[in-house]
Amino acid sequence: MSAKAATTGGKADVLNPRTTTYEFLGPLGTFVISLSSSAVVYALYFGCNSNSGGCPPSLVGIIGRVVSSILDSTWWKGLWDSEAALYYLGWYAFCVLAWLLLPGDEIEGTVLRTGGRKTYRMNGFYTFGLALSIACARIWICGPESFTFIYDKWVGFVTAALLSAILLATYCYLSSHRSGALLALKGNTGNIMYDWFIGRELNPSIGSLDLKWFNEVRPGLNLWAMINISMLCKQAVLRGGFQNVTNSMWLVVAFQVWYVADCMLFEPAVLTTMDITTDGFGFMLSLGDLVWVPFTYSIQARYLVFRPIELQTPAAVAIFILNAAAYWIFRDSNNEKNDFRNGKNPKNLKYLPTKRGTKLLISGWWGLSQHPNYLGDWLMSLTWCLPTGFGTPITYFYPIFFAILLLHRQTRDDEACHEKYGDDWIEYKKRVPYRIIPYIY
Ligand code: NDP
């Protein structure tokens, strides 16, 4: 889809050329996605909670609730909770302070179009460790009931996170108009709605804090782990102690907290992802980072609070083994690429030299498919749902959404790599024809 407005502009800036094509069906598409993806987060709660009368409730139940909400002009007040907003603000401030004060290696990002590089302080694992220690200490001293507030104030937390995402995207959009800002190649169409959503500036910052990178790895991801712990505490309170927490809850929480710990431990790897190297920071990413990751990815643990499931031991072991295998594919493939992009090749993998200078791996995991890491990541997401059984499709929301996201992301990356590598990318695809699943897709 072409961005007509862009072609009518003046002389294109050499460093910040006008974007001439739209993704996501253009401004209207991004408007619809912004509204609908915000609404989905609430719908997942109202359509699946301890009082919803089914997960999801019957069509009659849904219509009844919508009608009564329309008739009750004060329904929206239930979305706001000042205490939850303060907690959320405190949490965000904690993440910023931890970034500022905790020690960490200063690592350079990829080369920018200006020729320079940005520096990032990698202390995410310490931030995670500190947050986890504070949470565990509180639970140890005050009991599990002291950490159920995230479950109890769920909607208020969602609203606070959503408002933060809107404010951040708006701030970044407005500040991108100052002179000297380096814009994202895909976010400079001139259409306000579209650029606000996609992200106009590549690396909006406040001082040395890179907002895109920080929000991608800190407040949302770590909150996801805290939310899981809160769900576990809630189940412990409802069932009379941690000794009665179900094995399904322990599995889900262990898998997801491990995933977050892994992201923090391998934090530098995020610097070579498409989000950081290519996309701007707009509502698409701020919503994903602050709202979707913590509040939709944690749906399994929230469900298990009010629908506790005790798995048979063989089923629990099988799910555990599948998760471990998926994690291995995910971690090992990401490490291969990350090492390679950092000038190391410990496995002596084969590669294709390119005219652009950067080489492309064509053996190891990256010889099996163009995105082996997507396969591992998706399989892991499936193992997070299996402990919830098959009583509802809602807990499977994440792998379904994630499959769509990864399929779409693959095509976006394919286009971006085609632009970056030209004929070399065509040659690469001849050598590595499968997109995600070796020998299948
Ligand atoms: P990739 O890790 O596949 O990175 C794509 C980039 O890697 C390309 O643009 C290219 O950039 C480089 N590349 C591609 N092929 C090769 C090759 N053969 N050899 C060396 N470099 C290559 O994709 P993403 O950044 O999308 O994903 C990173 C991780 O994040 C994945 O594990 C994914 O599953 C996860 N993820 C998770 C999400 C979630 O919501 N849970 C959302 C999105 C991603 P260049 O050549 O310029 O270096």
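Select tyrosine 398 and the ligand: a polar side-chain atom of tyrosine 398 lies 3.3 Å from a nitrogen atom of the ligand, a polar contact (a pair of N or O atoms within 3.5 Å). The model is predicted, with local features needing pLDDT of at least 70 and side-chain atom pairs pLDDT 80 or more, while totals for chains, interfaces and linings use all residues. Residues are numbered from 1 along each chain as its sequence is written, and side-chain values use heavy atoms, without hydrogens and water.

Next, show tyrosine 421, where an N or O atom of the side chain is 2.3 Å from an oxygen atom of the ligand. At leucine 361, a polar backbone atom is 2.9 Å from a nitrogen atom of the ligand. Taken alone, the ligand exposes 910 Å², of which the protein buries 89% (Shrake-Rupley areas, 1.4 Å probe).

Now colour helix H18 (397–421), a DSSP run of H or I with at least four residues. H18 gives eight residues to the shell around the ligand, the most of any element. Colour domain 1 (5–46 + 80–310) and domain 2 (312–441) next: both give residues to this shell, so the ligand lies between them. These bounds come from an automatic or database domain assignment.

Move to cysteine 48 and cysteine 55, whose sulfur atoms are 1.8 Å apart in a disulfide (cysteine sulfur atoms within 2.5 Å). The torsion about their S-S bond is about 85 degrees, so the disulfide is right-handed. Both cysteines are buried, meaning under 20% relative accessible area (1.4 Å probe, protein chains only).

Finally, select cysteine 95, which is buried at 0% relative accessible area.

Notes: Buried < 20%, exposed > 50% of the residue type's maximum accessible area, 1.4 Å probe, protein only. Polar contact = N/O pair within 3.5 Å; in protein donor to acceptor, adjacent residues only side chain to side chain. Helix = DSSP H or I, 4+ residues; strand = E, 2+ residues; numbered from the N terminus.
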